[in-house]
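Subject: Structure handover and what turned up in it

Hi,

Here is the structure I promised to pass on to you. Have a look at it first, and then read on for my notes.

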Amino acid sequence: MFKTVLVANRGEVALRVIAACHELGLDTVAVCSTADRQALHARAAGRAVCIGPAPAERSYLSVAAIVEAACLAGADAVHPGYGFLAESAQLAEACAEREVAFVGPPPAVLRLVGDKVAARAAMRRVGVPVLPGADEPAETPAARHEAAESIGYPVIVKARGGGGGRGMRVAADAASLETVWRTAQREAQAAFGDPRLYLERYLAAPRHIEFQVLVDGAGAVLGLGERECTIQRRHQKLLEESPSVAVDEATRRELAAQVARAARAVGYRNAGTFEFLRDESGRFHFIEVNARLQVEHPVTEMVTGVDIVKEQLRIAAGEELAIPEGGVMPRGHAIECRVNAEHPATLRPSPGTVTAFTMGGGTGPGVRVDTALEAGGVVSPHYDSLVAKVVAHGRDRGEAIARMRRALAMTRIDGIETTIPLHLRILADPDFQAGRVDTGFLERFALGGETPARAARRGG
Ligand code: ADP
């Protein structure tokens with residue numbers, strides 16, 4: 001096992017990784033920007049190294065700064081968390097050159113799955129269903145039109161190296177394709193420095209369902225079941241749960257087997273998530289692989305009892321996975337609410353100084369809170385707006401929802417606006433409670449539009 005781990009991240013995920021390291025008896029080194037010198041993650045680690053100024057490009061996103069800090073601190077491993085450099089083949093390679101372990105897949109796998117077109121092709125080769133799409137570059141307007149016609153409108157234009165729901169636009173018909181393409185291209189260039197796009201069939205009302213796996217150095221795969229992440233705003237997840245009410249046991253087994261086969265075929269290592277969209281007829285279509293720890297990993301931990309971060313560290317250190325006979329048996333139901341520093345109605349960022357933070361009695365049975373929030377702490381406009389993840393576990397979905405409502409209702413965060421009021425509305429909604437959701441749910445709901453429950457109340 002390692003001796004010292006450098007945690008190349010900030011906020012709640014840095015604390016999450018530090019906690020796992022400390023449980024394993026490992027020393028930790030935090031990195032921080034000048035804006036984060038007083039931040040909780042910098043204080044929680046054994047040591048903290050300042051790696052640059054507040055803008056992430058010059059600190060948390062600097063491969064050179066991270067690797068230099070790891071070497072200077074004598075770390076023998078780097079855990080990247082999620083976001084920032086978590087899926088950077090460049091960081092994984094730079095670590096290898098300096099003989100520091102990177103807690104994640106090898107560079108070749110990061111390159112493969114980081115290119116969504118290559119990932120789609122790899123999945124198709126092993127028989128995992130992918131949405132109809134054009135995998136060719138489609139550089140000219142004529143080639144794009146031809147490709148879109150053969151896929152069938154509406155089509156979605158996506159960034160080949162994308163993530164976080166950015167650089168993604170829908171074209172309803174041939175007339176709008178060129179404008180949509182150019183807008184997405186500008187967005188992709190600005191967000192990822194890579195203007196390359198591809199086309200895929202657009203599903204009108206899908207559910208987002210993803211499968212979590214752990215793969216050790218020998219290629220043994222441990223499936224940890226699925227998560228449903230259908231409650232999204234602008235293609236970004238806001239509330240996640242495990243298991244999904246839309247997956248029956250036979251489907252779960254079949255998809256888990258497909259994912260395990262695909263993971264082995266691409267030489268996958270460490271923790272990974274294979275994301276699918278389920279269409280209205282119940283068919284599943286692969287969309288992408290997330291080659292890292294995910295924000296929503298706690299719901300899986302709550303139902304499986306597996307500590308994913310500790311397993312990541314063990315795998316990176318060369319240990320074999322212990323795979324129970326018959327696989328991991330999930331217990332009960334878990335839900336995660338992402339508490340963002342945002343105005344609950346407009347979802348605009350709300351940075352500032354937190355003047356009070358208490359969970360009251362909200363952290364009772366079945367509730368876990370992953371956060372770096374504290375009274376007097378500052379939510380910086382430089383970084384992601386996620387400030388806390390409240391996770392509730394219950395014997396069944398109903399109990400998990402009730403526990404979540406109790407936990408959120410007793411939480412007080414002053415000084416910034418948060419998404420808690422929006423979560424409380426979602427949790428009280430009859431359609432959500434019945435599991436009648438698709439990825440358009442939140443937009444309809446927040447805008448006060450038509451939902452099945454409202455239609456039923458009107459007798460419509
Ligand atoms: P990112 O990597 O930016 O998160 P994904 O490919 O994972 O992008 O997609 C994020 C979300 O965007 C999905 O959960 C879904 O809501 C929406 N989306 C992506 N592809 C499609 C599609 N072909 N049809 C309908 N919605 C899609």
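Helix H1 (residues 11-23) packs against helix H11 (residues 308-316) at an angle of about 65 degrees, and their axes are 9 Å apart. The crossing of H1 with H11 is right-handed. On the H1 side the contact involves Arg16, Val17, Ala20, Cys21 and Glu23, which meet Ile308, Val309, Lys310 and Leu313 of H11. By type, the residues of this contact between H1 and H11 are six nonpolar, no polar and three charged. Please keep in mind throughout that this is a predicted model.

Helix H7 (residues 141-151) and helix H8 (residues 174-192) pack with their axes 10 Å apart, at an angle of about 125 degrees. That makes H7 oblique to H8, since angles from 65 to 115 degrees count as roughly perpendicular and those over 145 as roughly antiparallel. The crossing of H7 and H8 is right-handed. Pro141, Arg144, His145, Ala148 and Glu149 are the H7 residues in the contact, and their counterparts in H8 are Ala174, Leu177, Glu178 and Trp181. Sorted by type, the residues of the contact of H7 with H8 come to five nonpolar, one polar and three charged.

Strand S7 (residues 155-159) pairs with S8 in the antiparallel sense over four bridges, and Ile156 has Val170 in S8 as its bridge partner.

Which order do its eight strands follow? This open sheet runs S14-S13-S10-S11-S12-S15-S20-S18, with antiparallel pairing. Its edge strands, each pairing on one side only, are strand S14 (284-290) and strand S18 (367-371). From one strand to the next, the twist averages 25 degrees. Within the sheet, strand S12 (residues 236-242) and strand S15 (residues 333-340) pair in the antiparallel sense over four bridges, and Leu239 stands opposite Cys337 in S15.

Here, too, there are helices lying across the strands. Helix H9 (residues 249-265) lies across strand S10 (207-215), strand S11 (221-233), strand S13 (270-278) and S14, and its direction is at about 55 degrees to S10. Helix H10 (residues 297-304) lies across S10, S11, S12, S15, S18 and strand S20 (386-394), running at about 25 degrees to S20.

Just after H4, Glu99 takes a positive phi of about 60 degrees.

Happy to talk any of this through.

Best wishes

How values were computed: Residues numbered from 1 in each chain as written. Predicted model: local features only at pLDDT ≥ 70, side-chain atom pairs only at ≥ 80, totals over all residues. Heavy atoms only, no water. Axes fitted to C-alpha atoms, helices over the stretch in contact; angles between N-to-C directions. Helix = DSSP H or I, 4+ residues; strand = E, 2+ residues; numbered from the N terminus. Parallel < 35°, antiparallel > 145°, perpendicular 65-115°, else oblique. Left-handed = near helix turned anticlockwise from the far one by under 90°. Contact = heavy atoms within 4.5 Å. Nonpolar A, V, L, I, M, F, W, Y, C, P; charged D, E, K, R; others polar. Pairing = 2+ DSSP bridges.
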